[in-house]
Amino acid sequence: MFQNWGFLLTEIWFLLILAALIGLLAGWIFWGKSEGVAESDDEAIDPVAYEQARSNEHRLRGERDELLARLDRCRSDGEKKDARMKEMEAELDELRGEAAFTAPLPAFEAEDDQLRAFDETSGTPAAPVEETTPDFDGDGVAEGTGEGTEPAKLDAPREGGPDDLKKIKGVGKKLEALLHEMGFYHYDQIAGWTAEEIAWVNANLKGFKGRVTRDNWVEQAKVLASGEETAFSKRVDRGGVYD
């Protein structure tokens, strides 16, 4: 990306120096001839030499203007490169922010048949295995859907309607519908889950067990509940993620 900057700066300095030299030469020719005429009042002016000097002056001025135009083009190209670099840096920051909300897949999720069989983000199928419910709360007992503690639910979204839960990375259209069925409609509900409540939701997300921990829903929901945005939510706002 930066390999042509040295050449560009060298060319700009070269053009500036060349323009200055041409200006000096044109001035010397013009003013030298003028002074020669003033000092020799008795001496006749050679019209051919005078016209040649004027022609040279016009030619040199044209070359100077062309060099200045090339210099402007070089500056414009540099500004375009700077703008593109800023765009790329912004895109890189978005990708870094998105990666910060993607946790490594825990080992226990490899046992979840439906989680492995379908991922709403990638849509990649996988060979089914026997479905089991891991010990999400870490108490040493596999309790199935009884893992952890059930969080507080709502019978319906609050006034104003539900939040767009699809702005949480890892929650697609199907998962959003499932969360609504379970009584979760708003960012602050998810943001307030304790470790025991996270374990319960992980165990009861039919077909998507473990996704709360896998995709760091709680951390993302805290950001969104505060009115801020994540890199992924910005992508959803721009469109094209779930189209």
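Which residues are buried in H6? In this predicted model, the buried residues of H6 are Glu197, Ile198, Ala199, Trp200, Val201, Asn202, Ala203 and Asn204. Helix H6, which spans residues 195-204, is therefore described as mostly covered, since eight of its 10 residues count as buried, that is, under 20% relative accessible area. As for what covers this helix, the buried residues of H6 pack against helix H4 (173-182), helix H7 (211-214) and helix H8 (217-225).

In soluble globular proteins, nonpolar side chains tend to be buried together. The largest nonpolar core of this model has 22 residues, and the members that touch the most other members are Ile168, Trp193, Leu205, Val212 and Trp217. Two or more residues are given to this core by each of H4, helix H5 (187-191), H6 and H8.

When its neighbours within four places in sequence are left aside, Ile168 is in contact with Tyr187, Ile190, Trp217, Gln220, Ala221, Leu224, Phe232 and Tyr242. One of these partners, Trp217, is itself listed with Ile168 among the core residues that touch the most other members.

Trp193, another of those core residues, also takes part in an aromatic pair. A pair of aromatic rings is described by the distance of the centres and the angle of the planes. The count for this structure comes to one aromatic pair, and the rings that form it belong to Phe184 and Trp193, with 5.1 Å from centre to centre and 75 degrees between the planes. The arrangement is called edge-to-face because the angle between the planes is over 60 degrees. Both Phe184 and Trp193 are buried.

Ile17, Leu21 and Leu24 form a nonpolar patch on the surface, and together they have about 320 Å² of accessible area. Ile17 has its place in helix H1, which covers residues 5-39.

A search of the whole structure finds 12 salt bridges, and one of them joins the side chains of Glu57 and Arg61, with 3.1 Å from N to O. Glu57 and Arg61 both lie in helix H2 (residues 47-100), where they are four residues apart, about one turn of the helix. Are these two partners buried or exposed? Glu57 counts as buried because its relative accessible area is 8%, whereas Arg61, at 37%, is partly exposed.

Lys153 counts as partly exposed at 38% relative accessibility, and Glu150 counts as partly exposed at 43%. Finally, Asp164, Lys166 and Glu176 are linked in a network of salt bridges.

Key: Residues numbered from 1 in each chain as written. Predicted model: local features only at pLDDT ≥ 70, side-chain atom pairs only at ≥ 80, totals over all residues. Heavy atoms only, no water. Phe/Tyr/Trp six-rings, centres within 6.5 Å; stacked < 30°, edge-to-face > 60°. Buried < 20%, exposed > 50% of the residue type's maximum accessible area, 1.4 Å probe, protein only. Contact = heavy atoms within 4.5 Å. Core = buried A, V, L, I, M, F, W, Y, C linked by side-chain atoms within 4.5 Å. Patch = residues over 30% accessible without salt bridge, like charges linked within 9 Å, V, L, I, M, F, W, Y side chains within 5 Å. Areas by Shrake-Rupley, 256 points an atom, 1.4 Å probe, with all protein chains shown as cover. Salt bridge = Lys/Arg side-chain N within 4 Å of Asp/Glu carboxyl O.
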